[in-house]
Each structure stands twice: as C-alpha cells, then as structure tokens.
Amino acid sequence: MITVSSLLDNEWYERYRKISKLNIRSSIYDVTNRCNLRCRGCFFFSSGEHKAAKEEMDILKWERFIEKEKDRGVNLAILIGGEPTLCLDRVEAFYKRLPTFCATNGLIKVPRDRFPDMMVGISLWGDEQDEKLLRGQDCFAISSKNYEGDEYTYYLYTITPRQLGKTERIIKKIRDIGVKVHMQLLSNDESVDGFSWRDGELVDICAEMDEMLDHYPDTVISSRYYHKVITSGNMLDRDFGWLECPSVTETFDNRNPKPKRLIHFIRWASDLKTMHRCCTSETRDCTTCKDGAAYMSWVMVNKKAHIRTAEDLKNWIEVYEMFAKLYRFIPW
Ligand code: SF4
Ligand code: SF4
C-alpha cells in the first residue's frame, strides 16, 4: 500500500506533518453590501448578491452570530463584501473572536493599533491602465501608501489577459514596498471587451507565473502546481467545475455523488441569515470560473488522490503550505 511516509524523505515528511495538524475550517462572510468602488467584473455586484439580503445593522447580532459560527467549528473567518473596511466595528467583532482575514481594495487603511495582526489581502486588478479601465482608478497608488511594509498584508494580484508579458513590473512594484503577493486570474464576469482569456494565453500566463515565482521567491506566495491547475482547469485528469468545486455552501450542495469539499463551508450574506451558493458569484458559469481560492481548496481537499507518487504528494503539500501562509497559519 502507498502511504505518505513511503513517498517522502524526512524533510518533506516534516513539512507534511506541520500542515496536517492544521485542520482549517473556513467560511466566508459578506460584511456589508456597500463598496467605495464599482469595478467592472465585480462578482458581488454583477450577480446581484448585494441585493440578496438586507444588511444587519445591530452589532450585538453580529457578535452573537460570530459566537455561533465559532461553535459550529469555524476557525478561519474570511471577510469580503462589498468593502469590509467600511464597517470596522463588524470586522472587529470577528477579529476579537476568530482568526480573521480581511479582503479589501486597500483604499481605507485598516488601523493597526486596533487590528495589530489581522491578515489583510488587497485586491489588485492588473496594472495602472487595467485598474483605471476596470475599477475607475489606480487603486495601487493609494493602497501601496496605506500598506507599505505591512507584514500582515499581501496583494491578491488578479492577472488579466492584458498582463501577459507585463507581470514582472507589478511584482517588482509590490516587492519594492515590502509586501507579499499572490496571483489569481480574472474571470471577467461582466464580459468586458478584451478581458476574456483566449486559447493559448492561459498556457503562456502559466509559464510567466512560474517565472515570477522562481525569480521572486521572497515576494511571491505561490506554487507551480497551483499555476498549472488554475490555468489548465485540470487536476489529476479531472476537470474543474460544478461537479468538482469544493467551495459550495453546504446547504446548496445537492450534488450526487458528493465530491470532496470544504467541511461545513458556508458563504453568508450580510443579513446573517441568507446564504450564497459558493465562495464567488452566484450566477457565474462554473466552466469559466478562475477563482483562486476555489482552485487551491480543490487541491487541498483531494489529499488522498495525491497519495500516488512522490511528485503528486509534494505538489499537494506545496499548495497546502501556500494556503496556510496566505492565511497566516504558518509563517511566510
Ligand atoms: S472593490 Fe471589490 S467589492 Fe468593491 S466593487 Fe471592486 S471587486 Fe467589488
Ligand atoms: S462559480 Fe466557481 S466557486 Fe462557484 S460553484 Fe462554480 S466553480 Fe465553484
């Protein structure tokens, strides 16, 4: 029988041992329905999720809800929106009770005296031109000033097809302000002209992402296997999509047979009662989905399938480590 220890030498086995203890149970929370931007291609607004529920305004209800989530076994709260920093009292209610990750566009600085070690992920869509076109302004110009040198922050760099051949300049800009970066791909939910991936481009961007990881290993938090899986949509000869997706809200999951999935995962709307279908757009066609978190979770929940060859298992370990670093379960 093939076992983990039969496939790994001591060094890799130690790496495996460290992550296998973590038992991460995440859920996602819409902190608010409002945002200080309206990006073209935002999954939240384009799918009407901002209208799915009326925002709960009573902070005591948020606190009680979070306590219940903790009792449900959640040990990682991922805060999205809208823009969570518009409601710092709600963010604080999470932060005081659970390991918390806050996704933000970075225009408002999370005050570090109030949230000293909260993980912050800043969205960055392509370069200055892409951001102006898709988001209405060069957000990096502001967010980089707010978060320069912040050791609990990374950029979530959403690569657009127009970034082909241009990612190095962005990675260097991020390196120069002393922040880490993780990469994912644009899904173009609002079909903006020129921003959908064409044949061949995904192969090219995979090679470019590999190159960035090789050249900037102290800045880029990633793994070659993750690049391969997200760009090809394929893992161990299986195709990503609705039938495989791990990030489907538990109560929406009527799939039969059930795929491997995130245990007890729920994406909650801001009324604290309504649930959304999955970690991203309610209306997105799963065949076009390039959500980075869904892809890395897909690898992570399929550990058994990777206990096949040493290479497969090491790939799995690297993706798990990447996730654990991004949410600060292990150091960078
Ligand atoms: S900043 Fe985020 S939530 Fe706000 S519109 Fe842009 S993508 Fe949507
Ligand atoms: S849109 Fe993406 S994250 Fe949502 S169910 Fe489909 S594949 Fe999963």
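I take two strands as paired if DSSP finds at least two bridges between them, and I take helices (H or I, at least four residues) and strands (E, at least two) as DSSP runs numbered from the N terminus.

I note that this is a predicted model, in which local features need pLDDT of at least 70 and side-chain atom pairs count only at pLDDT 80 or more, while totals for chains, interfaces and linings use all residues. Residues are numbered from 1 along each chain as its sequence is written, and chains are lettered from A and ligands numbered from 1 in the order in which they are written.

**Entry 1, the sheet.** I looked up the strand order and found an open sheet of eight strands, β6-β5-β4-β3-β2-β1-β9-β10, with mixed pairing. β6 (180-185) and β10 (275-276) stand at the edges with a single partner strand each, so each has one side without a neighbour in the sheet.

**Entry 2, around β2.** β2 and strand β3 (residues 100-104) pair in the parallel sense over three bridges, and L79 stands opposite C102 in β3. From β2 the chain crosses through helix α5 (residues 88-95) to β3, a right-handed β-α-β crossover (with the strands pointing away from the viewer, the path from the first strand over the helix to the second runs clockwise). I also found strand β1 (residues 26-30) parallel to β2 over five bridges, where Y29 has L79 as its bridge partner.

Strand β5 (residues 153-159) runs parallel to β4, joined by six bridges, with Y154 as the partner of G121. β5 and β6 are likewise parallel over six bridges, and I see that β5, helix α8 (residues 167-176) and β6 make a right-handed β-α-β unit. Is β6 buried or exposed? Six of its six residues are buried, so β6 is largely enclosed by the rest of the structure (buried: 20 or more other C-beta atoms, placed from the backbone, within 10 Å of the residue's own). I find K180, H182 and Q184 on one side of β6 and V181, M183 and L185 on the other.

In helix α6 (residues 128-135) I list D130, E131, L134 and R135 as buried. These residues cover an arc of only 95° around the axis, which puts them on the same side of α6 (the arc is that of the directions from the helix axis to the C-beta atoms). G136, with a positive phi near 90°, follows α6.

Notes
Buried ≥ 20, exposed ≤ 12 C-beta atoms within 10 Å, placed from the backbone.
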